[in-house]
Amino acid sequence: MPIQVTMPRLSDTMEQGTVVKWNVKEGQQVKSGDVVADIETDKATMELQSFDDGTVAKLAVPEGQTVKVGTVILTLAAPGESVEDATKAANSAPESKPAAQPAKKEPGESRRAAEHGVGFSEREEVGTAVLDRPGRRAEGATPPPAAKAPPPSQQPTPEPKGGGRIFASPLARKIAEEAGVDLSAVEGTGPSGRITRKDVEAAMGGGKGGAAAIPGRPASRIPTAGTVPVPAFESDLPRLEPRVVPLSNVRRVIARRLVESKTTIPHYQVTVEADMDALMDLRARLNDQLAQQGLKLSVNDFLVRACALAMHQHPFVNSRWRDEGKDGEASIEIVGEVNIAVAIALPPERGGGLVVATLRNADRMGLRHISSETRRLAEKARSKGLSPEEMADSTFTISNLGMYGVEHFTAIINPPNVAILAVGAALEKPVVKNGQLAVGHRMAMTMSSDHRVVDGAMAAEYLATVRGMLERPATLLV
């Protein structure tokens, strides 16, 4: 009998999975423990291992296809069984159906969406009618009221005699209008033959294009190339192509959880600024001494340790809100372990978005351990993907955008945490020290808190403790 491998449930909320990559081919022998595929779940991309020995008879699901949990994705020929027999058995089985995809749009729907997007690329509303440029009225539209003809000096540049449309940038049309240049005689050098400002100026100077003056316009109004006012900016870049990007499983779950967090948790923010001069000096000295060991401490490593140690003085920040139980009473659960989650940005090829890696018992970890473990989890998240255990059980989250030069931002709480810390860059700023103006490093920290558990005074006291440790960084070494 062939061995059928189905789409596994790799997390408690997973309902479907995507085969990102097959690591085996049909006819290839595999052993128990071999990684046969990379599967994208609702939380991360994970490796799928084989639990049996055998030969790959059929890859039932192509790469990139999403199927429901329990769907057969791989058939193995058992030891002693021919691949042909296993393949026949697999082919006789019902085909695996992909997960439901969004309904296809009507032929004109994409065009309408593009036309009514930013810029209204090819249509614009005039009164109650919708016109397809350069002037054709759309079917079924109410004709616009007759408009008075503008004075000759304000009449637009005429279209070509053949009735075709002239493709020119708005700036090129404006310059041609003011100079009295007939655009139908100008040869465009822009994308798809589009007429640009340079083409109009060249035609005005007698260059390529050989433009003629518009009849009825005084020739004296045509300026020379040297007198044309040069605009501050013009872009001939093509417009962005409108498209619909399907959600990955990870992005879909992120969207659902963040909406749930923002709509069910009463967020508020408190911001403090820390003096980072002493920490930056200490970090530089430590990194010089640790360079031979290949270890480099980051500002975030000090921050993780400070946040973890501060939990012992402010345990309500390290807690969870529990909804009404059987007795009808809500409660607050203060968690015994201090598990700090660090937000990690995923590259686009892995679906983008953010995942959180959990540093368990961070209050018992030294800076060296925090640094190595954070680096290991970040590299794994961006290459293979984190396991559910490596992302679970966090009690507090840190989101740091300082490496991107961000000075200040706010973050959405990661349930079931009751707080998240948004950290900016440690920037050089003019500061006042001992009554004198000087240059110092300052770093803004903004904590979003669940007001049901952590009130404003608690948040301010916790941040004051964290700031004190960062400004006296020697306390983080012991």
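**Salt bridges and a helix with a buried face**

E201 and R197 form a salt bridge in which the closest N and O atoms are 3.4 Å apart. The model is a predicted one, and it holds 13 salt bridges.

**Salt bridges**

- Both E201 and R197 belong to helix α4 (residues 197-204), where they stand 4 residues apart, about one turn of the helix.
- Both partners of this pair, E201 and R197, are buried.
- R452 pairs with D450 in another salt bridge, with 2.8 Å between the closest N and O atoms.
- R452 counts as partly exposed because its relative accessibility is 32%, whereas D450, at 1% relative accessibility, counts as buried.
- R376 and E373 are 3 residues apart in α8, so about one helical turn separates them.
- With a relative accessibility of 37%, R376 counts as partly exposed.
- A network of salt bridges links E373, R376, K380 and E390.
- In general, side chains of opposite charge can pair when their charged atoms come close.

**Helix α8**

- Helix α8 covers residues 367-383, which makes 17 residues.
- From its first C-alpha to its last, α8 reaches 24 Å, close to the 24 Å expected at 1.5 Å a residue.
- The residues L367, I370, S371, T374, L377, A378 and A381 of α8 are buried.
- Viewed down the axis of α8, the buried residues fall within an arc of 145°, so they line one face of the helix.
- The cover over these buried residues includes α7 (299-310), β15 (340-345), β16 (354-359) and α9 (388-391).
- After α8 comes G385, which has a positive phi, near 105°.

**The loop between β15 and β16**

- P348 is located in the loop that connects β15 and β16.
- Because its relative accessibility is 71%, P348 counts as exposed.
- P348 and R382 are 34 residues apart along the chain, and their C-alpha atoms are separated by 9.9 Å.

**Strand β7**

- T66 is found in strand β7 (residues 66-68).
- T66 has a relative accessibility of 13% and therefore counts as buried.
- A polar contact of 2.6 Å connects the side chain of T66 with the side chain of T18.

Key:
Residues are numbered from 1 along each chain as its sequence is written. This is a predicted model: local features need pLDDT of at least 70, side-chain atom pairs count only at pLDDT 80 or more; totals for chains, interfaces and linings use all residues. Side-chain values use heavy atoms; hydrogens and water are left out. Helices (H or I, at least four residues) and strands (E, at least two) are DSSP runs, numbered from the N terminus. The expected span of a helix is 1.5 Å times one less than its number of residues. Buried means under 20% relative accessible area, exposed over 50%, partly exposed in between (1.4 Å probe, protein chains only). The arc is that of the directions from the helix axis to the C-beta atoms. Contact means heavy atoms within 4.5 Å. A polar contact is a pair of N or O atoms within 3.5 Å; within protein, one must be able to donate a hydrogen and the other to accept it, and residues adjacent in sequence count only if both atoms are side-chain atoms. A salt bridge is a side-chain nitrogen of Lys or Arg within 4 Å of a carboxyl oxygen of Asp or Glu.
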